[in-house]
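Please look over the structure shown below.

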Amino acid sequence: MNDISLKYFHAVAKTGSLSAASEELHVAVSAISRQITQLEEKLQLTLFERKARGMTLTPAGEVLYTYSLRNTLEFKNVMSEMRGISNIQQQSIALACPEGMAWDFLPHVIAKFRLEYPSARFSLQVVDSSRATQLVREGRVDAAFTFNLQPEQGVEVSLQVPSPIVALLSKNHPLASQQDISVRDLTEYPIATSGSGTTLSYLFDIACHIEGVQIIPALSSDSAGSIYTFASESENAIALCGELTVARRAKRDGLVIRPMREPALAQRSLQVQIMSRRKLPTIVRYFLTHLTESLKNQSERHA
């Protein structure tokens, strides 16, 4: 496997077609096709499925594509170390996460980290869990925070912690005195929750189906802030959310958090994902260690 064949393979995998790769590389389609064919013959593996409107990676191709992405990132890191470069770029940490994590918890962790490493610079993309996984798999971010329910190819889980769905409500709410809350309890009150397509919505629908109840939320939103404010402004409303999302502010604002009784709502976990087998820059490793300690402290406070 030579640099040219890997370069051409990478371009086709990224763009999804020979013609698009040709435009990007300014190389003839025939030359790219020939290199791909020779690579497949040398490996004795089929790397692409040829389709009428492009080319998609086979499982073997996915493995090689992950390798090529990781190889590119690690080469950049090695070159920086060799040149002794110490600038803002080296101290950059790129992250991706769903909106709930971006609302309060993650900015808080970042702010605390920068007290110790003030040269660290962060970029944070707010996307859904599947997109966050895709970004880390492609090497566009250093780490992704997701609520995936299934294993993902091309990524490693560097940290996983339980993230059950809880109820957030006023301390004056009629249910605030209960140790936990059931789905059936919710039928009597206005509910705020995330929109369809999230793991929270998916698991809530399952819990409602098992219990044989139908709940139409008073507020359905992709904004964690909107859900939180709705619950905090009403003494009879209940928000369904992750504890990490709201724990710090709830304590300050006099709201209470109660676990949900249904097992389906405890199945969710927060995953911190990194590219499979990638050697992370030192500053990213330091941040992930700091994050692990923050999550551990949070768990101990609410145990």
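## The second largest pocket and a helix pair

Helix H7 gives the most to the lining of the second largest pocket, with 5 residues. This is a predicted model, in which local features need pLDDT of at least 70 and side-chain atom pairs count only at pLDDT 80 or more, while totals for chains, interfaces and linings use all residues. Residues are numbered from 1 along each chain as its sequence is written, and side-chain values use heavy atoms, with hydrogens and water left out.

About 710 Å³ of space lies in this second largest pocket, and of its 36 lining residues, Pro-98, Phe-147, Ser-194, Thr-198 and Thr-199 are the closest to its centre. The lining divides by class into 14 nonpolar, 16 polar and 6 charged residues. The elements giving two or more residues to the lining include those in the table.

| Element | Residues |
|---|---|
| helix H5 | 99–103 |
| helix H7 | 129–137 |
| helix H9 | 199–211 |
| helix H10 | 224–232 |
| strand S10 | 238–242 |
| helix H11 | 243–253 |

Thr-133 has its place in helix H7 and is buried (under 20% relative accessible area), with a relative accessible area of 2%. Setting aside residues up to four places away in sequence, Thr-133 touches Ala-144, Thr-146, Asn-148, Glu-152, Val-155 and Gln-273, contact meaning heavy atoms within 4.5 Å.

Helix H1 (residues 3–15) packs against helix H3 (residues 29–43) at an angle of about 110 degrees, with axes 9 Å apart, so the two are roughly perpendicular, a term for angles of 65 to 115 degrees. Ile-4, Ser-5, Tyr-8, Phe-9 and Val-12 in H1 meet Ala-31, Ile-32, Gln-35, Ile-36 and Leu-39 in H3, and the residues of this contact divide into 8 nonpolar, 2 polar and no charged.

Note on methods. Axes fitted to C-alpha atoms, helices over the stretch in contact; angles between N-to-C directions. Helix = DSSP H or I, 4+ residues; strand = E, 2+ residues; numbered from the N terminus. Parallel < 35°, antiparallel > 145°, perpendicular 65-115°, else oblique. Nonpolar A, V, L, I, M, F, W, Y, C, P; charged D, E, K, R; others polar. 1 Å grid on protein atoms, 1.4 Å probe; cavity = no way out; pocket = protein on both sides within 12 Å on 5 of 7 lines; lining within 4 Å. Points joined across faces, edges and corners; volume = space filled by probe spheres on them. Buried < 20%, exposed > 50% of the residue type's maximum accessible area, 1.4 Å probe, protein only.
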